[in-house]
Amino acid sequence: MTPAEDEHLTTGWEPDLAADDTLVRQAVLVHASWPVEVARAAGRPWRSGPRWAGGWIGDRGALTNPVVLVQPLTRPEEILREVDELLPAHVPYLLISAWPTPDLSAYGLALLGHPPLMVRFAGPRPASDEPVVEVREVRDATGLALAERVLVEGYPMPELEPLTTGDLLGPSLLRPATRVWLAFVDGDPAAVAAAHLHSGVTLVEYVATLPAARGRGAGAAVTWAAALADPARPAVLIASDDGRPVYERMGYTAVERWTAWLRPGREATSGSSSR
């Protein structure tokens, strides 16, 4: 049973391995695709390689610039140096790893925690007595600007104020692989969610509800719309521990815990421009 000395033993993280080798691999790859998609849509710098992917989406906000590891972090100084080439010192970024990492505090990063990766396997939405909420798919620049405003105010992301249209959601974001929905309560925008289809799964992202609309089913309504963007695909997301019970009621299962680090942006110099 012992393999030959020169036999390659698949780890599950080789760059040329099929995306659907495991569900966790699919989840890693769709998360890595997301910041690239958002940055590219806004005409901003991004990088996607065999070890990590990320995008410079904005200068402000702890969650604005995700950097997702595509392989276990075995050479942190080398990888973080590459990330610094994309994201200058004044720009914050969120480093996401599907694996435990070494202590990165010596590199100026702070450990945020170990949020659960959650999966909802393909299948229709079950019958529910939740209130009926109007949900509209965003299809133009006007709707995208409204979705962006709901996201920033609902999450909330006060550090992104004052918000300029396009700071987060670039005009070319809407395409078959990336869709956005708004929920309306009493005719007013109330909640937002996005779906990104890649590597055979659907990533549910940018879920936010305005404070005045919470508890009225708006957040669940847009989350369902995103999760069922392609009913034949599993839906994946990273939840907080507080949000985990909400997703569990929707049929999501916690698969494992990932690791999240934050590199806070340093004070920008007077010559730095806002992105």
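Reader: Which residue forms a salt bridge with Glu 78?
Author: Arg 51 does, with the closest N and O atoms 2.7 Å apart. A salt bridge here is a side-chain nitrogen of Lys or Arg within 4 Å of a carboxyl oxygen of Asp or Glu. This is a predicted model, where local features need pLDDT of at least 70, side-chain atom pairs count only at pLDDT 80 or more, and totals for chains, interfaces and linings use all residues. Residues are numbered from 1 along each chain as its sequence is written, and side-chain values use heavy atoms, with hydrogens and water left out.

Reader: Where do Arg 51 and Glu 78 sit in the chain?
Author: Arg 51 is in the loop between β1 and β2 (52-55), and Glu 78 is in helix α2, 27 residues apart. Helices (H or I, at least four residues) and strands (E, at least two) are DSSP runs, numbered from the N terminus.

Reader: How accessible is Arg 51?
Author: Arg 51 has a relative accessible area of 23%, so it is partly exposed. Glu 78, at 22%, is also partly exposed. Buried means under 20% relative accessible area, exposed over 50%, and partly exposed in between, with a 1.4 Å probe and protein chains only.

Reader: Which residues are linked in a network of salt bridges?
Author: The network links Arg 47, Arg 51, Arg 75, Glu 78, Glu 82 and Glu 85.

Reader: What about Glu 85 and Arg 47, how many Å from N to O?
Author: Their side chains meet in a salt bridge at 3.8 Å, N to O. Glu 85 is in helix α2 (residues 76-86) and Arg 47 in strand β1 (residues 46-48), so the pair, 38 residues apart, links distant parts of the chain. Glu 85 is exposed at 61% relative accessibility, while Arg 47 is partly exposed at 32%.

Reader: How many salt bridges does the count come to?
Author: The count is 18 by that rule. One of the pairs is Arg 149 with Glu 161, whose closest N and O atoms are 2.6 Å apart. Arg 149 belongs to helix α3 (residues 141-154), and Glu 161 to the loop between α3 and β8 (178-185).

Reader: Switching topic. How many helices and strands in the protein chain?
Author: Five helices and 13 strands. The radius of gyration is 19 Å, close to the 19 Å that the globule rule gives for 275 residues, so the chain is as compact as a globular protein of that length. That radius is taken over C-alpha atoms, and the rule is 2.2 Å times the number of residues to the power 0.38.

Reader: And what share of the residues is buried?
Author: Buried residues are 49% of the 275.
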